[in-house]
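Please keep the structure open while reading.

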Amino acid sequence: VDGLVPLDGYNATYREHLLSVSKNCEERKKSDIYCEDLYDHFLAHGQLSPVSAEYPNENCFLFDADVFNHGEEYKYKLDPKIKERVSKFCQKRSPIFYNRTMHEAPLWHFETMDFRYRLLVHSYAFIFFTDPRVGNYYKRFVRDFLRYHDDVFCAAGKIVLALQYEDYLLQNPVLSSNDDGKKSLQSLKPSFDLDSELMGGYSSLHIRRGDLQFKEVKFDSLTWYQNTKEIWKPNEVLYIATDERNQTFFDDFRNQHSGPLRFFDDYRQLAGLDDLDPTLYGMIDTVVASRGTVFAGTWFSTFSGYIIRLRGYYGVSKYYSYYSWLDRKYFMHHWTEVGGGSWYAREYPVAWTSIDGENFVDSDNEADRDDNDAGDDNQPGKLFSREDMDVMKAKAMVVNANSVHKRGVIGGGEDISLAGLRDDEHLGRGIAGRPMNSTPALIGAKRGHIKRCDVNVDTLAYWNEPQGARDSTFVTPFGDNQQGSKPKYLVFTADKGGFNNVRMSFEIIFIIAAALDRILVLPPEQPMYLLRNDGAKKHRGLDEFFDMDGDDYKKRVKYITMEKFIQTEGHPGGQFPVPADKMDDILRASKVCAPGRLVGEGFAPCDIIHEYLVEYAHTPNITAAHHQCLVFDKGMYIHGIPDDINAAKKFCNEEGSDMKERKMVFVTKSMQRPSLLYVQGGKPPTRMLAHFYGYLHFTDSAVGNYYKRYVRDLLHVRHEIFCAAGKIVKALQDAAKKEGFSIDSEGGGGYSSLHVRRGDFQYKKMRIPAETWYENTENVWLKNEILYIATDESDKEGFFEPFRRAGHNLYFLNDFREQAGLDTIDPNWMGMIDVIVASRGRAFAGTFRSTFSGYINRLRGYYGMSMKNSWFGQYKERRMMHEWRNVNLDTYAREWPDAWMGIDADVPPAEDVF
C-alpha cells in the first residue's frame, strides 16, 4: 500500500491477480496471467522509457555527469573530444541523455515487447558513458555479474574436459605396432594443445539452421567445410553447436575432415544433461563452443556473437575467430568500432578489450596481420592458414608477454587490479617467483586480496590467501606429538624499540611458536615506542598493526590473548594457577599494562604479568642479538644427531667470512619439554633483534622455505593500512602516467622513492645532507621522474630543495592526507603506509642501517622487484643490494634476498638472480 507502485486502487481479486502475474506471466491476451496487465499497472505509476533501438526510432543512450547535474543545455559545453566520441558512437541515431527528470521517476518501465521500444542491441553499443572509467566499470559489471548459472558452467566444463581428453589421446597414442606386427606400449609423451588459460584441445563451430531468416548464410555442410577448411588442423576434434537435428546433414563435412565431429548430445550422460533444465542447453552449447582453439560462427546469429564475446572475455586472439560466410569471414581480424555493421548481428571488441583499465579503447593489443600475405575481407576467396594464425598470435603474445594483468591477449589497462587472473596462475611474483612446475607448495593457492577497502588495490597484496594445499596441511617435525598431552604455550615480551624492531622480534617468535607447535600468547596492550600518536589511546596490541582477522590466519596460527590465557590456565584447576588475592590485578594487567615509569598514568604495571610468568615458565637461553643462531634439524631433535651439520655451520659462519663464528644452538626435545616457554625478547640478554631468516635456520630447505612463506603470507599489516597506501600509490601512478611514465606488470613503478631517515637515528654517519643524498643517487632517477619521499625530516620544503632543482616533483605522505583519508585512521599507522608506498617505486634509495629502509626492500622483494633497482643513499653502501651476500652477524642493518627469492620452491635459492 505504501510502496512506489501501490495496489490499493484495485479490489482484492485484481490485487491477487497482479501478484500472480508478478511471479510468472504469459504474452497471450486470453491468458489468466497476461503480462500486459502488470505492465499497465507499472505505466500508471511510473514512466515509460523513451529509448529504443528499433528503426526508425533508433537512439543512443548517453550518460554524462555534467549534463545530469547541470541540465540538457550543458551538452553543448562538452569537451570537443567527447562530442566527437558521442558523434562517432551514435552515428545516425538520435542521442538521449539521462537527466534529472528520468532520475526522479519512481519507476521506469521498458516496454521492449513493443517494436516501438524494442532494445535488440548490445548494451555497450547502445549505452555510452562519457567518462571511460564509468563505462569500463559497467562493462566489467556485465562481465562479472551477468553470467549464466553455475549449473551451465559445470555441465559445460565436463564436456570441455572430455573434448580435451579425447584430443590428448589422439595426439598421444598409447599403443603402436612394432616390426612383427604386435601391439606394444609406446612411451607416452604427454602433450595437451592448450593455451595458458587452459583453452583449446579442440576447435568449434556454430552452424545455425532452423528458422534463421538470413538465407544467404544458410548453406550445406560441404560449403561450410570448403569455407573454413584451412583453419582446422588435421585430426583435430571439432565440436559443433547447432540446431540441426539431422546428423546426415554433416556427412559431407565429416567425409572431408580427418578428425572426429562431436555434438551436444554425445555428452548427455557424461554431463548429466537429462537432470538439467532443457532451457539451459543452448547456454551450455555456447560455453563449450567458446572454449575451442579456433571458432567459426554463423554471421547474423546472436548465438555466434555471444560465443565470440565469451572468447573475448577469455582472452582469445582475434585471429582465432571466424565467420563461415566468405563476405564476413575475417571480420573479427580488424578492429571495428560499434556500428561498423549491424548493431546486433555481431559483437564488437570494445565489449571486452582493456575493460579493466580506465581509458577509452580504440584498438586491441594485437599486431595487425599483413593482408598481402594472408586473407583479406575484400578478397574472400583468399586463405588465411592456421600457420598464419599461429604466427599472428605469437606476435600478439610477444606484445603482451610482460603483463600478468591480462587475460590472454586482450587484457590491458594499467589498473591497480588483477581482475583478469586465474587463481592458480601467476603466483610467482616478478623475479622472486619460480615456475608453477617448480613450486608444488603453491598448488591450490590464490593471490591475496585487500579487504575492507573502497577501491581495488589488490596488486599491493604480495601474499597468497589461502596458501597452497600442502602448506595448509603442513605438520611441523618439531612438535610434541604425545597423545592427550595438555596444551603448551609460548609467551613473550615485545621489543622496546620502534615498530620495525617490534616486527622483527615478533617474526622470530611467531616462527618458533609455530615450529614447536605451541599456542602463541599475545602480550597485553601497552604503550610502544614512537607509537603513541593517538591522544585518546596511548596503548596498542599487536593485533592493531598485524592482520589477525583473516580466515587463513585464524585457521593456521594458534594464538590467544594474555587475558584469555589467564582465564584458561590461571584458575585453580589450570596449569598455571593465579593466587586468588592477585587474580583481579593480573586480569586487569593482562588487558592493558605499562612499564614502571608509565604506571602513574593509570596503567596497571606490566611487572605483575612478568612476575607471574617467571614463576611458572622456562626462559630458554636463546638470543638473536648476541652472536647466536638457532638451528632446527630433525635428526638432532629426534635422535640427538644432526642430519646436516655442515649446512648449519655454513649458515652460522659462512666459509671465508672474517666475522666471528656464531654459536649454534640446536632445538632439542629438552627445549620442548616445559609446558610454558617465556621468550623475553625485549631486552638483553635474550633480545630478539634480527631478521628471522638470519637467526633461524632449518637444515631442511623445504621446511625453511615453508616458514618463509608462513611469514610472507600470514604476518602482514592490516588491510586498512594497505587500503590507504594503495590510494596513494594510485594517485602517484596517475600523475606519472600523465607525464609519460608507465607501471610494471605487477602494478609497481611509475614513480620512484626514497627513505631518508633523520630524527633520532643513532648512526650519525648515515645522516647526510640532502645535497649528498642527491649526488649519491642522481644516476638512479629518470629525468623529471616523480619521487615519493618517506622521511621523518620536519623541514620538507627546505631540506629536499636539491631534488626539486634537478626537476623532480616531490611528494610526501601528508600530500595525500585527504585523498587517502589519513585523518580518519589510526595515526600510528602512518609509518607503515609510508613503507608500502615507498616499496612500490620503480627504483628505491634507502638509509643504510635503518630497519625501516630494510623492510621496504623486503616488500620490494616480495613484489618480485629486482634488487638492482634498490640503493642506499650513503655512497659506500649505495650498491650493497646489488650483489648476493649471505646473512651473517650484521643481521639487522639491511634485508637479504634469502627472505624472498625462490621461497615457493623446496630448494635453496639460486644466488645469481635477485
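In which helix does phenylalanine 141 lie? In this predicted model, phenylalanine 141 belongs to helix 7, which covers residues 132–145. With a relative accessibility of 39%, phenylalanine 141 counts as partly exposed, and together with Val134, Tyr137, Tyr138 and Phe145 it makes a nonpolar surface patch of about 500 Å².

Three strands, in the order 3-2-5, form an open sheet with parallel pairing. Strand 3 (94–97) and strand 5 (127–129) are the edge strands, each of them pairing on one side only. On average, and with direction ignored, neighbouring strands of this sheet are turned by 30 degrees against each other. Strand 2, made of residues 59–63, runs parallel to strand 3 and is joined to it by four bridges, and within this region asparagine 59 stands opposite serine 94 of strand 3.

**The disulfides**

A disulfide is a covalent bond between the sulfur atoms of two cysteines. With sulfur atoms within 2.5 Å taken as the criterion, the count comes to five disulfides. When the bonded cysteines of the protein are numbered in sequence order, the pairing reads 1-2, 3-4, 5-10, 6-7, 8-9.

| Cysteine pair | S to S | Torsion about the S-S bond |
|---|---|---|
| Cysteine 60 and cysteine 90 | 1.9 Å | about 95 degrees |
| Cysteine 453 and cysteine 723 | 2.1 Å | about 70 degrees |
| Cysteine 629 and cysteine 652 | 1.7 Å | about 100 degrees |

The torsion for cysteine 60 and cysteine 90 is about 95 degrees, so this disulfide is right-handed. The pair links distant parts of the chain, since cysteine 60 sits in strand 2 and cysteine 90 in helix 4 (residues 80–90), 30 residues apart. Cysteine 60 counts as buried because its relative accessibility is 0%, and cysteine 90, at 3%, is likewise buried.

The disulfide of cysteine 453 and cysteine 723 is also right-handed, with a torsion of about 70 degrees. Here cysteine 453 lies in the loop between helix 13 (386–399) and helix 14 (469–472), whereas cysteine 723 lies in helix 25 (residues 719–738), 270 residues apart. Is cysteine 453 buried or partly exposed? At 22% relative accessibility cysteine 453 counts as partly exposed, while cysteine 723, with a relative accessible area of 7%, is buried.

For cysteine 629 and cysteine 652 the torsion of about 100 degrees again gives a right-handed disulfide. Cysteine 629 is placed in strand 20 (residues 628–632) and cysteine 652 in helix 21 (residues 645–652), 23 residues apart, and both cysteine 629 and cysteine 652 are buried.

How values were computed: Residues are numbered from 1 along each chain as its sequence is written. This is a predicted model: local features need pLDDT of at least 70, side-chain atom pairs count only at pLDDT 80 or more; totals for chains, interfaces and linings use all residues. Side-chain values use heavy atoms; hydrogens and water are left out. Patches are made of residues with over 30% relative accessible area and no salt bridge: like charges are joined within 9 Å, nonpolar side chains (Val, Leu, Ile, Met, Phe, Trp, Tyr) within 5 Å. Accessible areas come from the Shrake-Rupley method with a 1.4 Å probe; for residues, only the protein chains shown count as cover. A salt bridge is a side-chain nitrogen of Lys or Arg within 4 Å of a carboxyl oxygen of Asp or Glu. Helices (H or I, at least four residues) and strands (E, at least two) are DSSP runs, numbered from the N terminus. Buried means under 20% relative accessible area, exposed over 50%, partly exposed in between (1.4 Å probe, protein chains only). Two strands pair if DSSP finds at least two bridges between them. Axes are lines fitted to C-alpha atoms, for helices over the stretch in contact, and angles run from 0 to 180 degrees between N-to-C directions.
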